[in-house]
Amino acid sequence: MRSARGVFVLTGAGVSAESGVPTFRGGGGAAVWKGLPFDVISSASMVRSNLPEVWEWFDYRRGVLESCRPNRAHETLAGWQNRFERFTLATQNIDGLHAEAGSRGVLELHGNVWRALCLNCDGREDLRRKPSDVRPPVCDECGGRMRPDVVLFGEMLPAGVWDEAADGSAASDVCFIVGTSALVHPAASLPLAAKHAGAFLVEVNPEPTPLSNVCDLALRGPAGEVLPQIEF
Ligand code: BJW
Ligand code: ZN
């Protein structure tokens with residue numbers, strides 16, 4: 001860490017677990033809401049077939065997140081950002097907790113639950129700045145229907161965000177993989193690009209993942225306890 005010039009960090013739901021945010025695949029069973037597995041309700045086809053229900057699901061999620069604050073893992077990563085020539089933090093999380101902890105330029109690969117996206121003109125709105133009960137919300141710019149600005153199964157990741165994450169991973173000397181099951185692609189392929197470029201890979205997760213066997217070091221424990229212990 002002392003000699004690293006480029007550090008790349010990929011986080012997943014586990015980094016927010018100690019903040020009280022439920023993970024998707026942790027806890028023994030698949031996350032289910034109203035009898036629908038999350039990969040059904042969080043899918044592109046659901047936006048087409050039942051947008052009001054998608055909003056109900058994300059309204060419920062925002063309700064859970066309202067009381068969640070960043071934990072020591074988010075804070076530690078925010079403290080790392082000024083210590084390297086290049087520091088890239090890419091997250092699969094949509095909760096906004098990295099930014100709330102003070103991280104700047106967070107690459108949100110799967111979007112943000114606090115934003116709405118217009119299906120007609122691609123305009124975006126901050127749901128906290130303009131709270132409204134209308135579902136689906138109506139776009140201020142064009143009057144079109146809006147959807148949650150998150151990346152669902154079967155959808156492309158935002159191109160600019162993806163490109164920056166790919167560049168950051170390929171230019172890293174050290175890559176941390178924190179609190180992700182590493183099952184969802186293309187996010188899970190980012191550490192492989194880092195490995196390919198010669199980076200030292202560190203996994204922080206209480207459980208092994210499909211990436212464990214390519215990692216140089218596995219730190220088995222909760223991110224909020226492990227990350228603050230890394231001194232350099
Ligand atoms: C702790 C802890 C603590 C607990 N401390 N750790 C290649 C192969 C096969 C399939 C595909 C492929 N490439 C693409 C696909 C399809 C698909 C995919 O990956 N499917 C696989 C599941 C099989 N990918 C996509 O569809 C992506 N789009 C795409 O590829 O576009 C191109 C395309 C277009 C059209 C057609 C085909 C391709 C988009 C993926 C978007 C994922 N979206 C979601 C939902 C977001 C909205 C919402 O929140 O509802 O994102 S899915 C869900 O999983 C969410 C998460 O970001 C994502 C990753 O989950 P994560 O973060 O890893 O959480 P968990 O719960 O899985 O794991 C938690 C971990 O934490 C565990 O390991 C615990 O042990 C650990 N943990 N406590 C540290 N305290
Ligand atoms: Zn619009």
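The structure is a predicted model, in which local features need pLDDT of at least 70 and side-chain atom pairs count only at pLDDT 80 or more, whereas totals for chains, interfaces and linings use all residues. Residues are numbered from 1 along each chain as its sequence is written, chains are lettered from A and ligands numbered from 1 in the order in which they are written, and side-chain values use heavy atoms, with hydrogens and water left out.

Distant parts of the chain are linked here, since Cys-121 lies in the loop between strand 6 and strand 7 and Cys-142, 21 residues apart from it, in the loop between strand 7 and strand 8; helices (H or I, at least four residues) and strands (E, at least two) are DSSP runs, numbered from the N terminus. Cys-121 is partly exposed at 36% relative accessibility, as is Cys-142 at 35%, where buried means under 20% relative accessible area, exposed over 50% and partly exposed in between (1.4 Å probe, protein chains only).

An open sheet is formed by three strands in the order 7-6-8 with antiparallel pairing, two strands being paired if DSSP finds at least two bridges between them. Strand 7 (124–126) and strand 8 (146–150) each have a single partner strand, so that one side of each is left without a neighbour in the sheet. Strand 6 (residues 111–118) is joined to strand 8 by four bridges, and Gly-111 has Val-150 as its bridge partner in strand 8.

Rings of Phe, Tyr and Trp (its six-membered ring) pair if their centres lie within 6.5 Å, with planes under 30 degrees apart counted as stacked, over 60 as edge-to-face and the rest as tilted; eight aromatic pairs result. Trp-80 and Phe-232, with ring centres 5.8 Å apart and planes at 80 degrees, form an edge-to-face pair, and both residues are buried. Phe-84 and Phe-87, by contrast, are stacked, at 6.2 Å centre to centre and 15 degrees between the planes. One aromatic cluster comprises Trp-80, Phe-84, Phe-87, Phe-176 and Phe-232.
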